[in-house]
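Please walk through the fold shown here.

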Amino acid sequence: MITIGLTGGIGSGKSTVTKILAELGAPVIDADKVGHAVYQPDGPAYPAMIAAFGEGILAPDRTIDRKKLGPIVFADPGALKRLNGIMHPKMFTRMREMVAGMRAEGERKPIVIEAAVLIEANWQPLFDEIWLVTTSQARVIERVEKKRGLARESIEARIRSQLPDEERRRHATEVIANDGTIEELRAKVAKLWESALALAP
């Protein structure tokens, strides 16, 4: 039974690919949502987050306030490393439990986990296949400007701070080039999904 990791940089279209896969019947896990869950007050990362960053990151209701945490970790590479060191292993464990739970309940189809930082977080052992969504830098800038309203310089800075696609390709089983129309993307994804289903027991 296959677990597929779906990754790609900002503006690559991985969320669109996830949506297409869900429409095709794929069971999907969003790593971002798993991340939010593990640092809730009842989550496994919460005590370590308070220990690392202090109570100053808390909202009045004792939840972790991302608006307070963000400026701390994005201004200091050491703090970001500390954050990732807490979060990534906890997220890995939680996703592995979720996959095991779905399998125990009888899910036989390939399970897809959408994870932007899959490679940076060293989550490869969780997956049988890694699908990478790529697009040209010009398309990334165009998409992110339109979707998030960010300035070009800000988008370029984000692209530079990410793992380059050349590095991601070294880990990828499949590369989904997303430079065409949505119909072309849908056709590529449907074909890949059919191949993955054929490997399911």
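**A helix across the sheet**

Helix H5 (residues 77-104) lies across E1, E2 and E3 and runs at about 160° to E3. Contact means heavy atoms within 4.5 Å. Axes are lines fitted to C-alpha atoms, for helices over the stretch in contact, and angles run from 0 to 180 degrees between N-to-C directions. Helices (H or I, at least four residues) and strands (E, at least two) are DSSP runs, numbered from the N terminus.

This is a predicted model: local features need pLDDT of at least 70, side-chain atom pairs count only at pLDDT 80 or more, and totals for chains, interfaces and linings use all residues. Residues are numbered from 1 along each chain as its sequence is written, and side-chain values use heavy atoms, with hydrogens and water left out.

Now the sheet. Five strands make an open sheet, ordered E2-E3-E1-E4-E5, with parallel pairing. Strand E2 (28-30) and strand E5 (174-177) stand at the edges; each has a single partner strand, so one side of each lacks a neighbour in the sheet. On average, neighbouring strands of this sheet are turned by 20° against each other, direction ignored. Two strands pair if DSSP finds at least two bridges between them. Strand E1 (residues 3-8) and strand E4 (residues 129-134) pair in the parallel sense over five bridges. Within E4, Trp131 is the bridge partner of Leu6.

Helix H2 (residues 31-38) lies across E2 and strand E3 (111-114), at about 55° to E2.

Turn next to a helix pair. Two packed helices are described by the angle between their axes and the distance between the axes. The axes of helix H3 (residues 46-53) and H5 come within 10 Å and cross at roughly 165°. H3 and H5 are therefore roughly antiparallel (over 145 degrees) to each other. H3 passes H5 in a right-handed crossing, with the near helix turned clockwise from the far one by less than a right angle.

Which residues in H3 and H5 meet? Ala48, Met49, Ala52 and Phe53 in H3 meet Ala79, Arg82, Leu83, Ile86 and Met87 in H5. The residues of this contact divide into eight nonpolar, no polar and one charged. Ala, Leu, Ile, Met and Phe are among those counted as nonpolar, and Arg is among the charged.

Finally, the whole chain. The protein chain has nine helices and five strands. Its C-alpha atoms fill a box of roughly 50 × 45 × 30 Å, taken along the principal axes.

Key
Angles under 35 degrees count as roughly parallel, over 145 as roughly antiparallel, 65 to 115 as roughly perpendicular and the rest as oblique.
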